[in-house]
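Please consult the sequence and the model alongside the text.

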Amino acid sequence: MANERAVPTSRFSRFAKLGSLATSVASNMLFEGAKSTLSGKGWDNKSLLLQPKNIKNLATELSHLRGAAMKLGQLLSMDAGDLLSPELAELLALLRSDANPMPHKQLITVLKEQWGDDWLSRFSHIELRPFAAASIGQVHLAYHENGEQLAVKIQYLGIAKSVVSDVDNVISLLTLSRLLPKDLDIKPLVAEAKIQLLAEADYHREAQYLLRYKNALANNRHFIVPNVYKEHSTKQILTMQYIEAQPIEGITDLPKAEQSFVAQQLIALFFKEMFEFRLIQTDPNFANFHYQPATQKIVLFDFGATREISPQLSQAYLALFKAGSENNRDGVLNAATQIGYFKDTLRDSYKDNVIELFLMACEPLRHDGDFDFKNSQLASNIKDAGLQLSAQAQQWHTPPVDALFIHRKLAGLYLIAARLEAKIDVRALFMPILLKT
């Protein structure tokens, strides 16, 4: 767990955090610029601005604001990929890491606000040091009088009230630092970042989605969804059953077949989310998936980023995956158009590159037998296709927001499968879904 660091709570203190960051960046530029000029290399504003020291400072300070910066980092990174500069990609990777936990004083403030002055009487014991921390909140272990263990997710102080101004401030800073691509229409993503952050800051909403998943997977022997304790939950505290399990990134010492099984079940769940539940948990963070080797069950955590999928969008993606599985370019074009990917003004060459990207992403659906995620060329092929798109930046536009979240989930699952060195018959998982519809 990282060291404690207070969350700035007032609008002024949060803005001041960005102001001090700008001063630090400018100072680094002046110092390094003077050195460069004296050595005869000249003065290059962009290279001075994007030096590693500034990127690290930017990521560190933005992460202390918690939710807004980290969520925006997730949204910007989930579709653009190689369209982003290496510097921005590095920054976004840093922003996706764990945040610092709140100091005890701020933690107690939240507990009293949500549970009242007698908050200690709820449990026989609650650990004041969290065992997990992320963009919106941190998780603590508590014990019922009967000895039952609970996981209590407590929202960072002030997050819900600061969403709109934080997102605007972060965008202003990224724009001034020239880290955002000039041709990227950021407005839809900014609006979505605010909506998504406000939604994730409502733990009542997350509890409802958790219960819906629990019901949907009630007869599935491969998954566990924790119970919710409504009597101990509020809009900013979510109390759940504590379930002992290993993070899936830590199961690489298990037999390869068992690792493949875990990745296979997560991809099978994705198909169910898209085409049966029409409800998708869109955050593929490794920490959201744990595994119990003794029971061979996968434990699902964190439903804050859950989204509803409309019947129309579900059908369009079914058509896209079907066409991709058949290497049908016209079918992919029609499905992508239904999803909302193409404007009338886009050139055919650009559309061809987007179609190629989709076909590459569907490669596991066309493969007969087990697809070897670790040793495939899938990642490098998608990277090359992304570079072709970046060469046509004047044509690039922001895809529909729902599509961004879906692609983020699928790309994350591919990454998990590669990390677990999984070999999966993805086509065999998809065909029963196709035959049902």
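**Overview**

The protein chain holds 17 helices and 13 strands; helices (H or I, at least four residues) and strands (E, at least two) are DSSP runs, numbered from the N terminus. The model is predicted, so local features need pLDDT of at least 70 and side-chain atom pairs count only at pLDDT 80 or more, while totals for chains, interfaces and linings use all residues. Residues are numbered from 1 along each chain as its sequence is written, and side-chain values use heavy atoms, with hydrogens and water left out.

- Of the 437 residues in the protein chain, 53% are buried; buried means under 20% relative accessible area, exposed over 50% and partly exposed in between (1.4 Å probe, protein chains only).
- Among contacts in the protein chain with a separation of 6 or more, 72% come from residues 24 or more positions apart; contact means heavy atoms within 4.5 Å.

Two packed helices are described by the angle between their axes and the distance between the axes.

- Helix α10 (residues 256-277) and helix α16 (residues 401-419) have axes that come within 9 Å and cross at roughly 165°. Axes are lines fitted to C-alpha atoms, for helices over the stretch in contact, and angles run from 0 to 180 degrees between N-to-C directions.
- α10 is therefore roughly antiparallel to α16. Angles under 35 degrees count as roughly parallel, over 145 as roughly antiparallel, 65 to 115 as roughly perpendicular and the rest as oblique.
- The crossing of α10 past α16 is left-handed. A crossing is left-handed if the near helix is turned anticlockwise from the far one by less than a right angle, and right-handed if clockwise.
- α10 contributes Ala263, Leu266, Ile267, Phe270, Glu273 and Met274 to the contact, and α16 contributes Ile406, Lys409, Leu410, Leu413, Ile416 and Ala417.
- By class, this contact of α10 with α16 comprises ten nonpolar, no polar and two charged residues. Ala, Val, Leu, Ile, Met, Phe, Trp, Tyr, Cys and Pro count as nonpolar, Asp, Glu, Lys and Arg as charged, and the others, Gly among them, as polar.

**Helix α17 and its partners**

- The axes of α10 and α17 come within 10 Å and cross at roughly 20°, so these two helices are roughly parallel to each other.
- α10 and α17 cross in a right-handed sense.
- On the α10 side the contact involves Gln264, Ile267, Ala268, Phe271, Phe275 and Glu276, and on the α17 side Val426, Leu429, Phe430, Ile433 and Lys436.
- Eight nonpolar, one polar and two charged residues make up the contact of α10 with α17.
- Helix α11 (residues 311-325) and helix α17 (residues 426-436) have axes that come within 11 Å and cross at roughly 130°. α11 and α17 are therefore oblique to each other, and their crossing is left-handed.
- Leu318, Phe321, Lys322 and Ser325 of α11 meet Arg427, Phe430, Ile433 and Leu434 of α17; by class, the contact has five nonpolar, one polar and two charged residues.

- Gln281 belongs to strand β8 (residues 279-281) and is buried at a relative accessible area of 4%.
- A polar atom of the Gln281 side chain lies 2.4 Å from the backbone nitrogen of Asp283. A polar contact is a pair of N or O atoms within 3.5 Å; within protein, one must be able to donate a hydrogen and the other to accept it, and residues adjacent in sequence count only if both atoms are side-chain atoms.
- Not counting residues up to four places away in sequence, Gln281 touches residues including Tyr213, Glu273, Phe303 and Lys409.
- Phe303 lies in the loop between β10 (297-300) and β11 (306-308) and is buried, with a relative accessible area of 1%.
- Phe303 and Asp283, 20 residues apart in sequence, are 8.3 Å apart in space, C-alpha to C-alpha.
- Beyond four places in sequence, Phe303 touches Glu206, Tyr209, Leu210, Tyr213, Val225 and Gln281.

- Gln155 is part of strand β4 (residues 149-155) and is buried, with a relative accessible area of 0%.
- A polar atom of the Gln155 side chain lies 2.7 Å from the backbone oxygen of Ala201.
- Ser121, in the loop between α6 (104-115) and β1 (125-126), counts as exposed at 54% relative accessibility.
- The Ser121 side chain reaches the backbone oxygen of Asp118 at 2.6 Å.
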